[in-house]
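Dear colleague,

I am passing on the structure that we spoke about, and below it you will find my notes on what turned up in it. Please read them with the model open beside you.

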Amino acid sequence: MQKFTEKIVNMMKAEKLFEPQGGPIILSQIENEYEIVEYYLGRAGIDYKNWAAGMAVSLGTGVPWVMCKQGDAPDPIINACNGFYCENFVPNKYYKPKMWTEAWTGWLLNFGDPIPYRPVEDLAYAVTRFIQNNGSYVNHYMYHGGTNFGRTSGGPFIATSYDYDAPIDEYGLPREPKYTHLKDLHKAIKQCEPALVSTNPWVQSLGNNQEAHVFESKGVCAAFLANYDQTYRVKVNFRNGQYDLPPWSVSILPDCKTETFNTAKVRVNGVHMKMVPAGGSFFWQSYTEGTATSGDKNAFTADGLKEQISVTWDTTDYLWYMTDVTIGAGEGFLKTGNLPVLTVASAGHALQVFVNGQSIGNAYGSADNPQLTFTSKVNLKAGVNKIALLSAGVGLANIGLHFDTRNVGVLGPVTLEGLNGGKWDMSRWKWSYKKGLKGEDLSVYSSQGSSYVKWAGGSSLAIKQPLTWYKTTFDAPQGNEPLALDMSGMGKGQIWINGQSIGRHWPAYKASGNCGQCSYTGIFKENKCLSGCGMPSQRWYHVPRSWLYPKGNLVVVLEEWGGDPRGISLVKRTA
C-alpha cells in the first residue's frame, strides 16, 4: 500500500502536477469507502485507517487529502460523501468543507439485470439541494461512462459496459438531455458563487413542503427555492416575485430575483442514440476445441474439489474439473432407460457440463447470488464415462470484508443418483484439473496464434457448437462515429480486436426485472428506473477506433455455449 501510494505521488511530483507546483491537482484521496470494513475489523481496522491517513499526509503533496465515506477520518483528512443524495451529510469537524466526492449519475450494469438509468431532473435536484445546504464541492460519478475492457470487470457479474447512464456515454458522446441540463445547472451555481462563498444560508418557509435557502451578504444575494412535494406543482411568493415550482424541484435565483434554472424544467430535448450498420459484412471461419482431458499438458490430479481462483490465480476465467465414472453392465437404468441424475453445486459463476465430450447443458448464478446448481439426467454407457465440468468466472468480488477470499468454482457436492447402489457422492473422488482453454494457450485471438489451428468456413462453419472460436477480418469504416459489435445470436464468451480483448460478451443472459414507468420524483435507488427487461443485458460491445488499422482488422470471438456468428455485425453509434 505505502509503496504504491508513494510511487503514484512521486510520479505526479516529477511531472509537477500538484497545485503548489503549478499543476492542476488540487485534491488527493486515500482509501475509498473503507468505513464498513473498519466496522467489522474493529481495532485493527481503526489502526489501519489511522496509519493510511498518516502515511498519505507524510508524502507532502501540498494539497488536502480526503477519505470517502469515512465518518471518523482523522485530521487533517477530510471525510466526504458518496451516494445518490448527500444534502444531509455533515463533515466530522465544523472546519472541514462539505464535499460530495461521488454524486452517482446512474448505476452500474450487471449481466442478467436490466439497464439502470437516473432521470436528470432527480440528479439535478440532488446536487442543488446539496449546494443549498452548504455543500462546497460536487464530483459526478460517472461523468464519462466507460468500458471494462479485457477481464477487468468485477462484481462479480458486472457487465463489460460501464456506461453508468453518465452525461457523456461509454462512447464519448453527450447523453441528452442529461449533459446539457447538468451543464446549465453548474452554470447557474457558478453565477451564485459570490454569495455562496460569503455566508451561510438562512432558511425561510414558503409553504408546507416548500422553503427558501438564502445566501445574502454585503450586496450579494442568491436564493434556492425548493418544492419537496413529490406530487404537486406549486406557486410560491418570495420577496416581490412569484415562482412556479414543479414537484421535487429547486429553482436557482443567482440575484434573489431571476430564476435562471429549475431542476425539473428541462429545456433540451432528449436524443435517442441509435446503433446503425457500419457497412460491410463478415465472412466467418470457425475452430472448435474439444474438452480437456487428464492427459493434457499442465493438467494435474488431486483428491477432492479445488477452489477455482486458488488454481488459476485469475490468469483465465476457466477451470476444467474432470473425473471418470465407471458404469457396470448390470446397472438397472441401462435396461429401463430411467437415466441417473447428475447434480453439481458450484460457488459460481457459470458452469457447462460435458459427458463423453458432449455438452449436456449449463447453469449460472447472478449478481445477487453467484452460486449455482446444475441438475440433469445423464445418458451414461456401460464402462468408463468421461465427466468434464467447465467452470467460468465472471469477474472477481471487489467490495466488502475479505472479498479476496470469496470462493469461485465447483466445491460440491457433486452427486450421481439413480444407480443400483443409490446416490454416489463424487466430491471426494480424484479429480483432474486443467486451467484455461486450448485456444487461450495458443493465443488464437492474435494474428500469429490464429495460424496454429485449422479454421473452417463456408458450409463447414460450426454453428451453435460449444467451445468454438470464430474469426474474421474487416476494414475500418469511414467517418469518426464510435463503433461497436452487435453480438446478437451469440451466447457467452469473449471478444478480441487485433489481439486486444474488448471484454466478455453474454447476450444469452436476458435481463429480468421491473421496467415500468419511472417518475423523476421521489427517492432514487439503483433499481428504481430500469429499461431493457427481456432483452440481453448487453447487446453492443464498444470497439475503440484507436485500436483499428485502416484495413485487415482481426476479430476473434470465443463462444462457450454455442451461437451463430452470422448474426454479429459492426455498427456505429449516431443520433
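This is a predicted model: local features need pLDDT of at least 70, side-chain atom pairs count only at pLDDT 80 or more; totals for chains, interfaces and linings use all residues.

A search of the whole structure finds 32 aromatic pairs, where rings of Phe, Tyr and Trp (its six-membered ring) pair if their centres lie within 6.5 Å. One of them is formed by Tyr141 and Tyr164, which stand edge-to-face (planes over 60 degrees apart), with 5.3 Å centre to centre and 90° between the planes. Tyr141 lies in strand β6 (residues 137-141) and Tyr164 in the loop between β8 (161-162) and α5 (178-191), so the pair ties together parts that are 23 residues apart in sequence.

Residues are numbered from 1 along each chain as its sequence is written, and side-chain values use heavy atoms, with hydrogens and water left out.

Seven of the eight residues of β11 are buried, so the strand is largely enclosed by the rest of the structure. Strands pair if DSSP finds at least two bridges between them, and β11 runs antiparallel to β10 (residues 210-217), with eight bridges, and antiparallel to β14 (residues 249-253), with five bridges. Val214 has Ala223 of β11 as its bridge partner, while Ala226 stands opposite Val250 in β14. The hairpin of β10 and β11 has two residues between the strands, and Lys218 takes a positive phi near 50° there.

Lastly, Glu307 sits in the loop between β18 (300-303) and α7 (308-312). Glu307 is buried yet has no salt bridge, and the nearest side chain of opposite charge, Lys306, is 9.5 Å away; a salt bridge would need a side-chain nitrogen of Lys or Arg within 4 Å of a carboxyl oxygen of Asp or Glu. The side chain of Glu307 does reach the backbone nitrogen of Val408, at 2.8 Å.

With best wishes

Conventions
Helices (H or I, at least four residues) and strands (E, at least two) are DSSP runs, numbered from the N terminus. Buried means under 20% relative accessible area, exposed over 50%, partly exposed in between (1.4 Å probe, protein chains only). Lys and Arg count as positive and Asp and Glu as negative; His and the chain ends are not counted. A polar contact is a pair of N or O atoms within 3.5 Å; within protein, one must be able to donate a hydrogen and the other to accept it, and residues adjacent in sequence count only if both atoms are side-chain atoms. Rings of Phe, Tyr and Trp (its six-membered ring) pair if their centres lie within 6.5 Å; planes under 30 degrees apart count as stacked, over 60 as edge-to-face and the rest as tilted.
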